[in-house]
Every structure is written in structure tokens, then in C-alpha cells.
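Take a look at the model below.

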Amino acid sequence: MEQVSIERKENRFVRELLSPSDRLLVGSTRDFVEGQIMPVRRELEESTRADFRLREEMQARLLPLGLQGGFLPEEYGGMGISSALSNCLIAEEMGRGDASLFYNLAAGMLAMRPAIKAGNRAVLEAFAPRFAQEDEVFMGCYAVAEPESGSDVENLDLRGTSIAATARLEGDSWKVNGTKGWCVNAGLAGMYCVVCTTGADRGEEGVALVYLDARADGLRFLGWEDMTGMRGCRLGGIELAGVAVPKEWRASGPGEDALLLRENTSFARLLTGALAVGCAQGAFEEVLSFTSDRIAAGKPIRQHTVCAAILADIATAIQVARDACLNAAYAFDRPEEYGDGSSNHMLSRASLAKVFCCEAAIHATNRAMELMGSYGYVSDYYVEKYWRDARALQSWEGGAHLARLDIARGYYDFDQFHRNELYELIMQRS
Ligand SMILES: Cc1cc2nc3c(=O)[nH]c(=O)nc-3n(C[C@H](O)[C@H](O)[C@H](O)COP(=O)(O)OP(=O)(O)OC[C@H]3O[C@@H](n4cnc5c(N)ncnc54)[C@H](O)[C@@H]3O)c2cc1C
């Protein structure tokens, strides 16, 4: 039978959306994924049940690609890959191989972005050279969630009032106390960006993004979780007991840090959307190949009309998700035309992309498993891995539900209504 081309390379997106350097980035990332990640996807997961050695080796193999510090401005040794669109393109390529390897890098980028946006030279001078080094793995950790309140820390309705980790200014340094949980690279990172409050009663004015060196006294690693998916990431918690941090290591200042947190949430949701598209694409390629080889009732499974219709549904979900994500990323990169990344409008666009892409990926991987019968449920064919990864993507950055509330904010005055009902009550109590 004639092989049907998947044509990933040519028809995935409107070509004019991409700059020549974006095309180069996509090409080199894809080559890496094809050559280095695809052949070891299963071994990578097996290693995470044991010693994580292969995962560490893969992080080192990624170094020549330059992505560890690629997000840094050129004057700090990076490649200035700061646009949401470029990062989403890389994320999709990596998600097609192994989303967790990308997130190990992205955690560092998310941690450093607020300082870069704020032009905080002290933080950049302290940590940029370590990210920019090309011969040693250096990771960052973006510590937002807390064991007692994951979503609440990111819940815009609560306006910083539910952050339990505190940063108090004592002389020339911040003293940071609290516990953070569910953080990618906890225990491995060389630096942490910790979301704290200078006083819960100060609301958004109190939100403080404070940078910590992992070697600081008072920082204790609490252990790792055993996850269903995204198994190449290490997810864990840290305890902070009076960690002293130079005064200049707050990203910006009162009110501004809350905006940086919002802006970073928009950016992170776009990245997650793109990773989800990558997972779905990886699963689609697996199921196309399997259903071309596997014969049922005398012909390849994908030639049965009902199966072709399911494959068409999967293709539709992936392409619409990709379009939604890349369009939102394109708009995010043009704040003068479409609004700042911290605006309700942009948070809504990014959240919409995340919600849709994650659901599309869960749907696509689930249906791919269905088309592969028992083979879909075993690890040899990877589709179940993509399904597990997609489920994890949906559950972070405020989970599935808060992102929906952020979408509503872009379409009507949900914010105002909610503030009256909930926010005022909380403010009265505090
Ligand atoms: C693989 C993975 C990687 C992660 N990486 C990081 C990381 O690097 N850094 C970090 O800080 N965190 C990270 N997280 C944590 C993640 O962001 C939080 O787990 C997430 O925000 C949800 O918090 P929670 O688990 O405490 O759930 P909860 O906040 O307890 O929520 C439980 C349920 O209630 C829903 N819910 C919560 N509030 C509302 C509301 N107001 N209205 C309606 N429904 C609501 C939620 O959507 C969810 O379904 C990661 C999580 C995972 C799974």
C-alpha cells in the first residue's frame, strides 16, 4: 500500500507567522528530538523509576542546543529567545518527544523571566552566567504552589491574600519563611524564584517574587513525588526557614511583582498549550503508523471508515489547538497592539489556549489508545505515555478550573462581580 505522508513539516502552521530564526530553531529542536529523544522515550521513563541517570544524561545532551540559557538577553550570554511564539514552537517540538525534558528547562526560564522583564541586574548578574554555561547543567525552580493551597496562590480573585510564604525586610536583606510544594526541579535547582508575600493584608501590593540561591542557609529540600506522567521531571517541595536574601533580589517592587506574576502565568499557560499539542502530535504519529500496519477484517485499521473518522477528529483537535496557541502567542509578543501579558485580555487568550490544547491532547491521546486496542495500553507504543503527560499538563498553573475563570475575565466583568462577593469578604476577615 502507498504510504500516506503526515506532512508535519509543511502544513502545520501559516508559514508567514515564523521568522527565519524561528524556522532554524524548530529545525534544530526537531533534529534533536528525532535523533536523541525519540529512540530513548521508554528507557527515559524506566530510568525515572530507578535512578534518574538517563534523565540527567539527557539534560546534559541538551546543552549544545543552547536552550538552558537561550532565554537570557544576549548581553547576559543568552540567545534572546524571549518571544512566546519561538518558545511555543520549541515546546511543541519537545512535547512530541518528551514534555518533561522541556519543562526542566522551562522551569528555569519561568523563574528568571520576572527578573528579566523587570531589568533586575542584581538577579541577572547572580544567576545568568550559571544558566548560560554550555558545559554544565544548571536548573532553576519556579516555586509558586504551596502544600496547603496550590491554586489559591495563583487565584487572581484572592489578590495575593492567600500566599503563606512570607518575605520580611530586615536591614539589607529579606528573611524568607514558608513551604513550597509540587515544584519542578525542587532539590536539583541551583536557584529558586519564590512567590511570597510581605504581608497578606497588603494584597497585591504585598506579592513579592524573591530569588534564592539553593546553597542558602535555611533552605531544606523535602523530597520528591512519584508522578503518573511527566516522569522525566522531578517534582518536590522545599521548606524555607529564615532564608536571608539580598534586598535587591526581589524581582521588582510592591504592585509590580503581582503584575509580573500574572504576566508569567500567561506565558506559562501558552507554553503548556504548546507542549500539549506536541504530546498529541506524538501520539497521532504513533497511531497513524500502528493503524497502517495492523490489519482487521482484511484491511489496515485506518482504512475502516469509522476509524478514519476518529483519526480525522484527532487531526482536527491537534490543528485547531495549534492554531489557537500560536495565534495567542503571536498576540502576546505584540503588547502594544493586543495588550500587555498581565492584562485580563491576554491572560484570557493564554488560558484559553492552555485549556483547549490540554483537552485536545487528552482527547487525542485517549482516542489514539482506543484505536490501538490492547497495544494502546502498553508502554511499547508510547501512546499511553503521551496520555499521562497530557493529564499532568492540564493540572498545573492553576489547574483546569482557575484557567477557565481567567478566560471569563477576558469576555465579561466576571472580575468585578467576583470581587464584591469573595474578595471583599476576605479583605474584611484579614
Ligand atoms: C506535573 C506537575 C508539575 C508542577 N510544577 C509546578 C512548578 O514547577 N511550580 C509550582 O509552583 N507548582 C507546580 N505544580 C503545582 C500546580 O501548579 C498545582 O498543583 C496546581 O496549581 C493545583 O494546586 P493543588 O494541587 O493544590 O490543587 P487545589 O488548589 O487543591 O485544587 C484542587 C481542585 O480544586 C479546583 N479549584 C481550586 N480553586 C478553585 C476555585 N477557586 N474555583 C473552582 N475550582 C477550584 C482545582 O482546579 C482542582 O481541580 C505542578 C503540578 C504538577 C502536577
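This is a predicted model: local features need pLDDT of at least 70, side-chain atom pairs count only at pLDDT 80 or more; totals for chains, interfaces and linings use all residues.

Residues are numbered from 1 along each chain as its sequence is written, and side-chain values use heavy atoms, with hydrogens and water left out.

Start with the domains, whose bounds come from an automatic or database domain assignment. The assignment gives domain 1 (14–132), domain 2 (140–254) and domain 3 (257–429). The centres of domain 1 and domain 3, taken over C-alpha atoms, are 20 Å apart. Their contact (heavy atoms within 4.5 Å) takes 28 residues from domain 1 and 32 residues from domain 3.

Now look at what this contact holds. About 2700 Å² is buried between domain 1 and domain 3, with 64% of it from carbon and sulfur atoms. Buried area is the accessible area (1.4 Å probe) that two parts lose on being put together, summed over both. Seven salt bridges are counted between domain 1 and domain 3. A salt bridge puts a side-chain nitrogen of Lys or Arg within 4 Å of a carboxyl oxygen of Asp or Glu. On the side of domain 1 that touches domain 3, α3 (41–48) and α5 each supply at least two residues. The most come from α5, with 21 residues. Helices here are DSSP runs (H or I, at least four residues), and strands are runs of E (at least two), numbered from the N terminus.

Next, the core. The largest nonpolar core has 135 residues, and M112, V176, Y211 and L212 have the most contacts inside it. Helix α5 (residues 84–118) gives the most to this core, with 19 residues. Such a core is a set of buried Ala, Val, Leu, Ile, Met, Phe, Trp, Tyr and Cys residues joined through side-chain atoms within 4.5 Å. Beyond four places in sequence, M112 is in contact with residues including F71, V123, F131, M191 and Y211.

Which charged residues are buried? R269 counts as buried because its relative accessibility is 0%. Buried means under 20% relative accessible area, exposed over 50%, and partly exposed in between (1.4 Å probe, protein chains only). R269 sits in helix α8 (residues 256–293).

E146 lies in the loop between β1 (140–143) and α7 (150–154). A polar atom of the E146 side chain lies 3.0 Å from the backbone nitrogen of A164.

Technical notes
A polar contact is a pair of N or O atoms within 3.5 Å; within protein, one must be able to donate a hydrogen and the other to accept it, and residues adjacent in sequence count only if both atoms are side-chain atoms.
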